[in-house]
Amino acid sequence: MKKTAAKILSVMLVLTLVAACFTACGGKTTNDPSPNGDTDKGTIFIGGTGPLTGDASSYGISVKNGAELAVKEINEAGGLNGITFTFDMKDDKATAEDASTGYNALMDAGMQISIGSVTSGSCAAFGDLAASDNLFFITPSASAANVIEKGSNAFRVCFGDPDQGVLAAQELTKNYKNIGCIYDTSDPYSSGIYDAFKAEMDKLGASFILQSFDAENKKDFSTQAEALKGCDVVFTPFYYTEAGLVAKALVAKGSSAVVYGCDGLDGIADQIEGVDVKVMYITPFDANSTKENVSKFVASYKETYGVVPDQFAADGYDAIYAIFEAMKAANIDDADIDCDALCDAVVKAITDPSFKLEGVTGTMTWDASGACTKIPQIVELGQ
Amino acid sequence: MSTIMDGLSLGAIYALIALGYTMVYGIAKMLNFAHGDIIMVGAYAILTSLQLTGNPYLAVVVSIVVCTASGVIIERLAYKPLRGASPLAVLITAIGVSFFLQAVAQLIYGSKSQSISLPDFGKVAIGDVKINVSTILTLVIGGVIMTALTLFVKKTRTGRAMQAVSEDKGAALLMGVNVNRIIMVTFAIGSMLAAFASLFYLMQIPSITPTLGSMPGIKAFTAAVIGGIGSIPGAMLGGVLLGLIEKICLSIPKIAPYTTSIEFSLLIVILLVKPIGLLGKKIREKV
Amino acid sequence: MSRYIANVKKQFKFKHITTWLLVAIALVILIILSNAGALDRSTTGLLSKIAYSIILATSLNLVVGFLGELSLGHAGFACLGAYIGTFAASYLRESIDSKLVVIILAMLIGGLVAAVFGLIIGLPALRLKGDYLAIVTLAFGEIVRNIFKNLPMFGGAMGYASKTYNQKELFIIAFVAVIIVLILMQNLIRSKHGRAITAIRDNEIAARAMGINVTFYKLFVFVIAAFFAGIAGVLYGHFTTPILYTKFDYNFSIEILVMVVLGGMGSINGSIISATLITIINFELQAKLSGDLAAVRTLVYAIILILIVVFNNAPALKPIKERFSLNHLKAKRNAKKAAVIHDDAAEWNRIETKVKMDTVLTPDLPHNEAVTPDKPDKPAKEDKENG
C-alpha cells in the first residue's frame with residue numbers, strides 16, 4: 001500500500017516538474033498585440049514591475065495608472081511612426097525576488113524596453129538582470145543611488161536620494177535654527193536620503209535632533225514627537241502615510257514645528273486635513289500647478305481613474321513619455337528591434353545634450369550616469 | 001514621564017487585543033491568528049459608517065456589531081469544522097483567514113492608507129505633563145473590561161460553562177454544556193473586544209490600511225504569552241509591559257532600531273525562565 | 001568490509017531511492033531541455049525557486065512532521081544562510097577562481113552558521129512545547145532579520161548587494177543540492193536515529209523510558225533542519241540581489257509551513273510535491289495576474305488554503321474523504337468484500353476526556369491534554385498525522 005502511494009507520488013513529482021517547464025514555456029505566446037487594429041507596423045512592448053499588492057501597493061498602482069494613461073494617449077495620437085505600444089506591469093510586492101521573477105516573465109513575453117521597478121529594492125534586482133541583457137530602463141520612482149549604478153542602460157525620472165538629502169540640508173540650515181530629523185531605518189529610500197542629509201549637515205557643521213522608526217513600529221509616533229516637539233522644523237524623508245502620522249503626533253504634543261519632507265510626501269494633503277500644521281516638501285510635481293501640460297494630465301487622469309494623480313502617477317506618465325520621445329529622437333521605425341539594439345539607440349538619444357523632455361514633473365535632461373536633472377519645487381501646505 | 005504615558009496608552013491597546021487572544025486561547029485552545037485582522041475589519045467599519053452617517057457614536061455601535069458578526073461567522077465557517085482536529089491544522093486555517101480578510105479589505109477599499117478623524121477628547125494636565133484623555137479612557141475601559149470579563153467568567157452561568165469547556169471539553173459535554181455555543185460566545189466576546197481595540201487604536205493612530213491589524217496582532221499575541229496565555233489579568237499586564245518597553249526603547253535613539261529585537265528577546269527570556277508566562281496557570285509536568 | 005557491503009546489498013530496497021532518483025531523472029531531463037534551448041528564462045528562474053523551496057519545506061518537515069514541534073521561524077535560518085553565505089562568497093571569490101567551488105563553500109559556511117543558531121534555538125525547545133515553542137521560534141525569526149537590517153556591513157535597509165549566479169547554471173547546482181539533502185534526510189529517517197526521533201514525537205515519555213536521549217535528538221533535529229535551511233538561504237542569495245531583510249518575515253516562514261502541511265506532515269514526498277506545486281502556482285498567478293487582479297491572488301490563495309486544510313482535517317468530513325481515498329479504492333479492488341468500518345464521531349470512546357488509562361494508575365494528577373482512551377482491542381493513537 002505504501003509502495004503504491006510512493007510510486008504515485010513520485011510519478012506526480014516528475015509530471016509536475018516537467019509540466020512546470022512546459023506551462024512556463026507557454027508564457028511566450030502571451031504577447032498579444034494591442035487591440036488597436038489599425039496598426040501595420042507592430043508594437044513595442046514596455047514592461048515594468050511594481051508593488052500591486054501589500055503595504056506599498058498604492059505607489060505601484062499609481063505608477064501603473066500613470067504609465068497606462070501615457071501609453072493610451074500615445075497610441076491614440078498615432079504612436080511612433082505607426083508603431084504602437086503595449087504596457088504591462090507585474091506585481092513584485094516591493095521585493096527583490098519577485099522583481100526578478102517579474103523581469104524573467106516580461107522578457108519571455110518579449111519586453112523590449114522598460115520602466116524598471118517602482119521601489120528601490122526591487123529596482124536594484126531588476127537592474128542587475130537588465131544590465132546583463134542590456135535592456136534600457138527608466139525607473140519612474142526608484143531613487144536609491146545604487147539603482148542606476150549597475151550599467152549604462154539604467155535611467156530614472158525622479159530625483160536621486162542623495163540629491164534630495166543634500167538639498168534639504170542646505171535649505172534647512174539656511175532657514176531654520178532648531179532642526180530635527182526622523183527617518184525609517186528599514187526603508188532604503190528613507191535611509192538613503194538620511195545618509196546624504198547627515199553627511200551634508202556634518203559638512204555644514206550643523207547639529208540636529210535625530211529620531212528613527214522602522215517597519216514594525218511605523219504607526220505610533222508619540223515618543224519621537226515628544227523628543228522633536230521643541231524643533232522649528234522636522235525633516236521627514238519618507239512617504240506621506242507615515243509623515244501624516246508624524247505631523248499629527250507633533251500637533252498632539254503641542255509642537256508648532258514645520259514638517260519638511262521629500263518627494264515621497266506628495267499625497268499628504270488628505271492625511272493632514274483639518275490638522276493645524278505646516279508641511280513643506282521638495283517635489284517635482286504639483287497637481288495644482290497651472291502649467292498647461294500638468295492640468296491636462298491631471299484632468300484626464302481624474303477622468304480615467306476618478307482620483308487626483310500623485311507624484312508616482314506623474315513619474316510613471318513621464319517615464320513612458322521619456323521612452324517615447326527618446327525613441328522618436330533615435331528614429332526607431334522597426335517594432336521588432338531587440339532590446340540590446342534598442343537600448344544602445346535610446347541611450348544615445350536620451351543622453352544627447354539637445355534632448356529635453358517637457359514632462360509633467362518638470363523639464364528633464366539626462367546624462368550618461370542615468371540621473372535626471374530637473375528643477376525641484378517646494379510645495380507648502382497648511383497653516 | 002511623557003514616554004511612560006505614551007507607553008501606557010500603547011500598552012492599553014496591546015492589552016485590549018491581548019485580552020481577545022487570551023479569551024479564545026483559554027477556552028477554545030486555539031491561536032486565532034486572524035484576531036488582528038478583525039481589528040482591521042472594525043476600523044474599516046468605523047470609517048465607512050462615519051463616512052455614511054457622520055455620527056461617531058453610531059459608528060462605534062456599527063463596528064461592534066460588524067466585528068462580533070464577522071468573528072462568529074469565521075468561527076462557524078472555518079474553525080468549527082476543525083474541532084477535534086490537530087492544533088496545527090487550526091492554526092494554519094487561522095492564518096488563511098487572516099490572509100483572506102486582508103485581501104478582501106484591499107479589494108474593497110484599496111491599499112492606500114485612509115485617514116480618519118475621530119472626536120478629540122482633549123487633554124488634562126497632571127503636574128507639567130499633559131495627558132490625552134483618550135489614553136486615560138483606554139486604560140480605564142481596559143480595566144473595566146478586564147474586571148467585567150473576570151466577573152463574567154466567574155459568576156455567570158455562561159462564564160462557568162466557559163470555564164468548564166476550558167477545563168475539559170468532554171466532561172463539559174457530558175454535564176449538558178453546549179460546547180459549540182460556548183465557543184461561539186467566546187469568539188463573539190473576543191471579537192467585540194477587537195472592536196473596542198480598533199476604536200482606541202484609531203483614536204491614537206488615525207490611519208487605516210488593510211494590513212493594519214497584523215503587527216499589533218503579533219505584538220499583542222507576544223504580550224498575551226508574556227503575561228501567561230489564558231490568563232485575563234496576565235493579558236493586561238503583558239500588554240502594558242510590552243507597550244512601556246516599546247516606548248522606552250524607541251525614546252533612546254541608539255537602541256531604537258533594535259526595538260523589535262528587544263521585545264522578542266524579552267519574550268524568549270521570560271518563557272525560558274518561566275515557561276507559562278508571568279501569570280499563567282501552573283501546569284504540572286508529567287513524570 | 002565485504003560483510004558490510006553484503007549487508008548493504010541485502011538491505012537495499014529500490015523503493016528507498018525512488019524519491020531522489022526521480023528528482024535526479026527530472027534534473028537530467030531539464031538539463032537536456034536547457035541545453036536544447038527549450039527552457040525560457042522564467043522557467044530556469046522558477047526551477048531555482050522550486051529547488052530552494054523543496055529544501056526549506058523538507059527541512060521544516062523534519063522539525064514539524066518528524067519531531068512534532070511547531071516552528072514558525074524557519075525563515076530566520078534561511079535569512080542567516082543568505083546573508084552570511086553570500087557575504088562569505090564575496091570574500092572567497094577573491095582567492096578562488098572557480099565559481100562552483102565558491103558557491104559550494106558558501107553553502108557549507110551558510111549552513112554551518114545557521115546550524116549554530118539552530119542549536120541556540122533548539123535549547124528553548126527542550127523546555128517549551130507546542131504553541132509556546134511556536135511563538136519563540138517566530139520571535140527568533142523576527143530578531144534575526146531585525147538585526148541584519150541594522151548591520152551596516154550588510155547594507156542595512158538597502159539590502160546586501162550579493163553577486164548573483166547565472167540562472168541557467170544555478171538551477172542545476174540547486175537541484176544537485178536538493179538530491180544530496182534528500183539522500184541525507186531519507187537515510188537519517190530510516191536509520192535508528194530517525195526512529196528515535198519519531199518515537200519522541202509519538203510519546204516523549206515512552207521514548208525517554210526506552211533510553212532514547214531526548215535532549216540530544218531534539219537539538220540534533222533543530223541543528224540539521226537549520227543547516228539545510230541555511231543552504232537554501234545561500235541558494236536564494238545567489239538567485240536574487242539585493243538580499244533584503246523584508247523577505248524573511250514570518251509570512252515567509254508560514255509559507256514554508258503551509259507547504260509542509262499541505263504535503264502532509266511526516267511525508268518527504270508530500271513536501272516535495274507541495275513545495276513544487278505551491279511555488280509554481282505562486283509563480284503562475286504572479287505572471288498571469290497583473291495589475292488590479294493581483295489582489296485576487298491573495299484571496300484565491302487564502303480560500304484554497306482554508307478549504308484544503310478543512311477538508312483534510314475536519315473530523316466530520318472523514319468518512320467522505322476515506323470513501324474517495326486511494327487506499328480505499330485500492331482496498332475495494334483487492335478485497336472482494338471489505339469490511340466497512342463505521343466512523344461515528346459521537347461514539348462513547350471518541351468523546352474527549354483527559355482521563356487516560358495509564359495516568360489513572362499513576363499517583364499523579366491528570367494532565368491537561370485531551371486524548372482518546374485506550375480500548376482493549378484497538379490501541380489508541382495519540383497523535384494523528386494529518387495530511
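**Entry 1: helix 11 of chain C**

Helices here are DSSP runs of H or I with at least four residues, strands are runs of E with at least two, and both are numbered from the N terminus. The model is predicted: local features need pLDDT of at least 70, side-chain atom pairs count only at pLDDT 80 or more, and totals for chains, interfaces and linings use all residues. Residues are numbered from 1 along each chain as its sequence is written, and chains are lettered from A and ligands numbered from 1 in the order in which they are written.

I then checked the length of the helix. Helix 11 of chain C holds 14 residues (250-263) and should span 20 Å at 1.5 Å a residue; its end C-alpha atoms are 20 Å apart, which agrees. The expected span is 1.5 Å times one less than the number of residues.

I also looked up burial. A residue is buried if 20 or more other C-beta atoms lie within 10 Å of its own, exposed if 12 or fewer, and partly exposed in between, with C-beta atoms placed from the backbone. In helix 11 of chain C, 13 of the 14 residues are buried, so the helix is largely enclosed by the rest of the structure.

**Entry 2: chain A**

I recorded eleven helices and 14 strands in chain A. Of its 383 residues, 63% are buried. Two residues are in contact if their C-beta atoms, placed from the backbone, lie within 7 Å. Among contacts in chain A between residues at least 6 apart in sequence, 69% join residues at least 24 apart.

The domain assignment, which is automatic or from a database, gives domain 1 (37-159 + 290-375) and domain 2 (161-283) of chain A. I find their C-alpha centres 29 Å apart. Nine residues from domain 1 of chain A and eleven from domain 2 of chain A form the contact.

**Entry 3: strands of chain A**

I count two strands as paired if DSSP finds at least two bridges between them. Strand 1 (residues 43-50) and strand 3 of chain A pair in the parallel sense over three bridges. I46(A) stands opposite I113(A) in strand 3 of chain A. I noted that five of the five residues of strand 3 (residues 113-117) of chain A are buried.

I next examined an open sheet of three strands in chain A, with the order 11-12-13 and antiparallel pairing. Strand 11 (357-359) and strand 13 (372-373) of chain A are its edge strands, each pairing on one side only. Strand 11 and strand 12 (residues 362-366) of chain A are joined by three bridges in the antiparallel sense. The bridge partner of L357(A) is M364(A) in strand 12 of chain A.

Chain B has eleven helices and four strands, and 59% of its 287 residues count as buried. I compared its radius of gyration, taken over C-alpha atoms, with the globule rule of 2.2 Å times the number of residues to the power 0.38. For 287 residues a compact globule would have a radius near 19 Å, and chain B has 19 Å, which agrees. The C-alpha trace of chain B spans about 60 × 45 × 35 Å along its principal axes.

The contact between the chains takes 26 residues from chain B and 25 residues from chain A. On the side of chain B that touches chain A, the largest share, four residues, comes from helix 1 of chain B.
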